[in-house]
Amino acid sequence: MTGRVLSHLGETKLELGPVEPGPGPWRNARDADNVLWLVLDVDGSSMNTISEEVIRALDSALQDAGADLPKAVVIRSGKVAGFAAGADITGFEKMSSTGATEMLQEAHRVLDRLEALDCPTICVVHGAALGAGFEIALACDYRIATPGASFGLPEVQLGLHPGLGGTFRLPALIGPTEAMQLMLTGKTAHTKRAKSLGIADLVVEERHAAAAIASVIGGEVKPAASGFTARAFGFDPARSLAARKMRSETEKKAPAKHYPAPHALIDLWEEYGDDRDRLQKAETDSFALLLRSEASRNLRRAFFLRQGLKDAGRGEDGITHVHVIGAGSMGTEIAAMAAIRGKQVSLGDLSEEALGQAVKRTAEICTDKHLDSLETRDALDRLMPDPNGYGLAQADLVIEAASEDAEVKAKIFKGLKGKLKKDAIVATNTSSLSVDDLAANAPAKSRFAGLHFFNPVSKIDLVEVVRGTATSDKTVQRLAAFCGAIGKLPAKVADSPGFVVNRMLVPYMLEAMVLMDEGVSKEVIDTAALRFGMPMGPVTLADQVGLDIGLHVAESLSESLETKMPPISDDLKRRVEGGDLGKKAGKGFYDWSKGTPHPDADLEDAPDDLRDRLILPMLNAGAEVLRRNVARSADQIDAAMIFGTGWAPFRGGPMCYAQTRGVDDVVRRLRELETAHGARFAPDDGWSRFA
């Protein structure tokens with residue numbers, strides 16, 4: 001079984017047996033040993049997705065195989081990018097309105113046919129096998145993974161649960177406890193973990209894939225068998241006890257009121273976990289019902305918002321070498337992500353200790369990103385500690401990540417003149433300072449802009465690409481493409497106090513402090529926000545950001561905005577002066593010495609207008625941002641807030657929530673709050689755009 005290599009990109013070559021290049025979605029051929037190779041290669045896409053067309057074409061191939069049984073069936077992807085990214089989500093809206101149940105039942109029959117073939121079926125996975133792609137792999141007898149392969153059922157992130165047999169095939173394969181954990185969280189099992197769980201029967205280098213397939217067909221590899229835990233959960237009492245615990249833990253992170261999908265999954269397993277046939281039917285019915293839910297519609301909307309940001313980051317950036325100024329937490333993580341993604345990086349700082357810590361932190365980030373030892377070595381090789389600033393002369397992009405002090409930044413920019421190569425871009429990682437003001441000291445205003453990363457950079461994908469008055473279109477596009485190249489989501493915004501995200505977040509945090517001054521406890525305030533669906537209450541968020549940073553941004557916005565802001569709390573100022581700066585100091589409004597606070601207060605006596613006082617100022621700021629053309633659209637605002645702050649994605653983002661609730665109602669309520677609490681709640685004129 002020495003099949004030809006028919007697909008390659010650089011050094012990546014895929015063993016595709018005798019299959020010739022041609023139109024998709026499935027290309028198939030039998031080799032000299034009568035092994036049928038089915039290669040998934042969806043036309044017009046760099047990554048496979050599973051659509052109705054893909055399933056029907058698979059069915060046709062399987063029917064032919066059943067009529068003339070091969071020695072074995074090998075399924076794999078012809079895409080270098082990976083096996084399959086999951087279902088084609090663009091078809092979900094149509095499914096929800098034209099009878100999803102029937103389509104799902106037909107897809108189940110196809111995968112059942114694959115599972116029932118009377119010959120070994122082997123799925124070879126490189127890259128990601130997610131969602132429906134993973135469910136196709138689960139219907140095979142064996143799974144061979146190459147290094148870097150990953151498996152996951154992330155449907156909960158779309159307000160759904162697995163719909164093509166994952167609810168019963170994965171528990172049968174690896175046991176209910178591990179399977180439910182993967183499905184409830186939507187997390188991915190990377191190569192090593194996939195092997196230890198029993199998802200992958202073998203892990204081999206691509207060049208050994210043919211030999212591994214031969215060993216499976218030769219009977220040298222036995223398929224995994226269900227263990228004791230799977231049999232134990234066949235008994236109702238054990239399953240019910242485990243389900244209660246799962247439900248309790250899930251409620252803490254994904255309340256059933258906002259995220260029904262994981263709870264529906266637990267219900268399915270508890271009721272039908274010992275009866276595959278009934279679970280299969282119930283899975284289909286439940287999936288179809290969830291598909292029509294508001295939560296799923298909004299979470300699918302968030303998926304497409306993310307795609308929109310990714311599209312903004314496509315293209316060539318022309319940036320090979322990046323020089324980062326400042327080896328603090330932000331500069332270090334920016335440098336690390338650029339190095340991990342293949343850029344040559346020099347990191348400048350006067351402190352050799354800080355540079356040493358930066359290298360150590362980069363290695364930790366590599367581990368968090370599941371890089372193997374060689375990939376980590378290569379990333380670290382690309383990162384050069386540069387206390388003397390030698391990298392400036394070679395840099396295509398210089399990112400200033402010094403302290404949020406206009407005078408410090410001005411001194412840095414003045415010092416760059418005469419040291420940079422022609423056409424080098426200079427970007428400032430500022431969260432609140434005016435890009436136009438900072439540009440006054442930049443070497444070239446047309447090649448100067450803001451790159452507002454969010455902390456921690458390695459975990460938060462959004463970057464605000466801030467255009468100054470003199471910033472050229474070419475500079476903006478190159479910076480957006482740079483963000484895309486390092487795996488970030490660029491939101492192109494205009495220079496304005498707070499840009500988009502901070503302009504909307506600061507009123508949220510400041511109003512919380514006004515409420516505390518009025519006597520409302522921080523726990524009650526944070527609980528109200530959490531129950532609305534925010535990922536973090538405003539008081540916890542202020543501590544997380546750093547009270548000193550929050551105070552600086554609040555003061556900057558209060559001085560530069562025309563609209564009224566909540567007053568800055570004297571208590572906030574006292575805490576900053578006393579060194580209680582939040583999480584990084586171990587104490588802020590909360591005591592962080594025992595870990596992250598998790599407020600869960602009784603809201604019985606909370607003010608009736610508490611939630612609206614916290615949430616509506618963000619919406620009002622969004623209307624202002626639109627009116628002033630800081631953001632390009634309401635969708636861009638929603639995308640920035642969801643992927644920059646985690647803003648209640650099941651509500652579709654703040655502007656989507658405003659429109660779902662009703663703009664007239666939002667404006668009416670703001671006027672009531674203005675009457676009760678002051679001019680800071682006055683509805684912005686930007687709401688007229690929604691009329």
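**Exercise 1.** Which residues have the most contacts inside the largest nonpolar core, and how many residues has this core?

*Solution.* The model is predicted, with local features needing pLDDT of at least 70 and side-chain atom pairs counting only at pLDDT 80 or more, while totals for chains, interfaces and linings use all residues. Residues are numbered from 1 along each chain as its sequence is written, and side-chain values use heavy atoms, without hydrogens and water.

Begin with the term: a nonpolar core is a set of buried Ala, Val, Leu, Ile, Met, Phe, Trp, Tyr and Cys residues joined through side-chain atoms within 4.5 Å, where buried means under 20% relative accessible area with a 1.4 Å probe, protein chains only. The largest such core has 99 residues, and those with the most contacts inside it are Tyr 508, Ile 615, Trp 647 and Trp 687. Its largest share, eleven residues, is supplied by helix 20 (residues 501-517), a helix being a DSSP run of H or I of at least four residues, numbered from the N terminus.

**Exercise 2.** Find what Trp 647 touches, leaving out residues up to four places away in sequence.

*Solution.* Taking contact as heavy atoms within 4.5 Å, one finds several partners of Trp 647, including Phe 532, Met 534, Pro 535, Ile 615 and Tyr 657. Apart from the core described above lies another, of 69 residues, among them Leu 36, Ala 84, Leu 111 and Phe 151.

**Exercise 3.** Describe how the chain as a whole is packed.

*Solution.* Of the 691 residues, 56% count as buried. Among contacts between residues at least 6 apart in sequence, 71% join residues at least 24 apart. The C-alpha trace spans about 75 × 60 × 50 Å along its principal axes.

Key
Buried < 20%, exposed > 50% of the residue type's maximum accessible area, 1.4 Å probe, protein only. Helix = DSSP H or I, 4+ residues; strand = E, 2+ residues; numbered from the N terminus.
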